[in-house]
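Please read them with the structure open.

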Amino acid sequence: MDLTLWQYQFRIIMLGDSTVGKSSMLKRYTEDQFLECINQTVGVDFYVHFLEVEPGVRIKLQFWDTAGQERFRSVTRSYYRNSVGALLVFDLGNRASFERVREWHAEVREHVRPHAVLFVLVGHKSDREADGERVVGREEAEKLAAQLGAPYVEASAKTGHDIQAPFELLTRRVYQGLLAGEVQLREGWDGVKSSAPLSQKTTNTTTTKLEKSEAETQSKSCNC
Ligand SMILES: Nc1nc2c(ncn2[C@@H]2O[C@H](COP(=O)(O)OP(=O)(O)O)[C@@H](O)[C@H]2O)c(=O)[nH]1
Ligand SMILES: [Mg+2]
């Protein structure tokens, strides 16, 4: 099987205050590695991972990570607007990072209007609980997530505990949105791309609508 084959590409961004562990989450998920002293400014800010959301449907996940810009609140508009999903991360041992979640959420929504980005809220560094360093409770985090209309998960890049959950949850949400027509392929937008063969015929109206957009997208751009 050709591992580079994929039906859809989703572009996903990492959001949240500096040092909450965004880069570490990506490194653990895509390379199964954890570095105590991960370099904050130099390094890859682009990761790729493949996920099969249902038999025969392979998604290419393209992750974008800030290289420290979040520290200066200088994340650019295009970083937000070309994404279909976002992992909104805070540190369970850092209350200020939790209190900033609403601002991150509002900032993204403002930049991508009139379109929407799908979110998953992540309470990160769950391993800190064992050291008595947890300062944000599960209940209050779940309450905030519900207010933002996002699922909530806790994970740790350090131990690897539940690290796949937020990524997979978000991918499935986007895929469901695509099937339901809530997420649509748009010309000049990199949030979702498709590589499905144009000859594929179906009687399902949602898929037919997607195929039409795919035909438009494919005639203008290359997906490789
Ligand atoms: N205890 C603990 N520390 C972590 C975890 N993930 C990252 N860190 C540490 O938190 C610091 C910041 O991580 P980094 O990934 O650079 O955060 P970013 O600025 O959000 O990208 C580093 O010292 C990491 O080693 C985790 O799951 N648990
Ligand atoms: Mg980082």
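The points below go from the overall fold to single elements and loops.

1. **Basis.** This is a predicted model, in which local features need pLDDT of at least 70 and side-chain atom pairs count only at pLDDT 80 or more, while totals for chains, interfaces and linings use all residues. Residues are numbered from 1 along each chain as its sequence is written, and chains are lettered from A and ligands numbered from 1 in the order in which they are written.

2. **Overall fold.** The chain holds 7 helices and 7 strands. These are DSSP runs, numbered from the N terminus: H or I of at least four residues for helices, E of at least two for strands. Along the sequence the order is β-α-β-β-α-β-α-α-β-α-β-α-β-α. Of the 224 residues, 36% count as buried. Buried requires 20 or more other C-beta atoms within 10 Å of the residue's own; exposed is 12 or fewer, and partly exposed lies in between, with C-beta atoms placed from the backbone. Among contacts with a separation of 6 or more, 72% join residues 24 or more positions apart. A contact needs C-beta atoms, placed from the backbone, within 7 Å.

3. **Ligand 1.** The shell around ligand 1 has 17 residues, and the closest are Gly-21, Lys-22, Ser-23, Ser-24 and Lys-158. To be near the ligand, a residue needs its C-beta atom, placed from the backbone, within 6 Å of it. Helix H1 (residues 22-31) gives the most to this shell, with 3 residues. By type, the shell has 3 nonpolar, 8 polar and 6 charged residues. Here Ala, Val, Leu, Ile, Met, Phe, Trp, Tyr, Cys and Pro count as nonpolar, Asp, Glu, Lys and Arg as charged, and the others, Gly among them, as polar.

4. **Strand S4.** How many residues of S4 are buried? The count is 7 of the 7, so S4 is largely enclosed by the rest of the structure. Gly-85, Leu-87, Val-89 and Asp-91 point one way; Ala-86, Leu-88 and Phe-90 point the other way. In a regular strand, side chains alternate between the two faces of the sheet.

5. **Strand pairing.** S4 pairs in the parallel sense with S1, over 4 bridges. Met-14 stands opposite Leu-87 of S4. S4 also pairs in the parallel sense with S5, over 7 bridges. There, Val-89 has Val-122 in S5 as its bridge partner. Strands pair if DSSP finds at least two bridges between them.

6. **Helix H4.** H4 (residues 101-112) has 12 residues and reaches 17 Å from first C-alpha to last, close to the 16 Å expected at 1.5 Å a residue. The expected span is 1.5 Å times one less than the number of residues. Val-101, Trp-104, His-105 and Val-108 are buried in H4. They cover an arc of only 100° around the axis, which puts them on the same side of H4. The arc is that of the directions from the helix axis to the C-beta atoms. Glu-103, Ala-106 and Glu-110 are exposed on the other side. The cover over the buried residues of H4 includes S1, S4, S5 and H5.

7. **Helix H5.** Its buried residues are Ala-141, Leu-144 and Ala-145. Their arc is only 100° around the axis, which puts them on the same side of H5. They pack against H4, S5 and S6. On the other side, Glu-139, Glu-140, Lys-143, Ala-146 and Gln-147 are exposed. Just after H5, Gly-149 takes a positive phi of about 70°.

8. **Helix H6.** The 17 residues of H6 should span 24 Å at 1.5 Å a residue, and the end C-alpha atoms are 24 Å apart, which agrees. The buried residues of H6 include Phe-167, Leu-170, Val-174 and Leu-178. Gly-181 follows H6, with a positive phi near 85°.

9. **Two loop residues.** His-161 sits in the loop between S6 (152-155) and H6 (164-180). Is His-161 buried or partly exposed? It is partly exposed, because 14 other C-beta atoms lie within 10 Å. Leaving out residues up to four places away in sequence, His-161 touches Ser-126, Asp-127, Ala-155 and Ser-156. Thr-19 lies in the loop between S1 and H1. Thr-19 counts as partly exposed, with 17 C-beta neighbours inside 10 Å.

Notes. Two residues are in contact if their C-beta atoms, placed from the backbone, lie within 7 Å.
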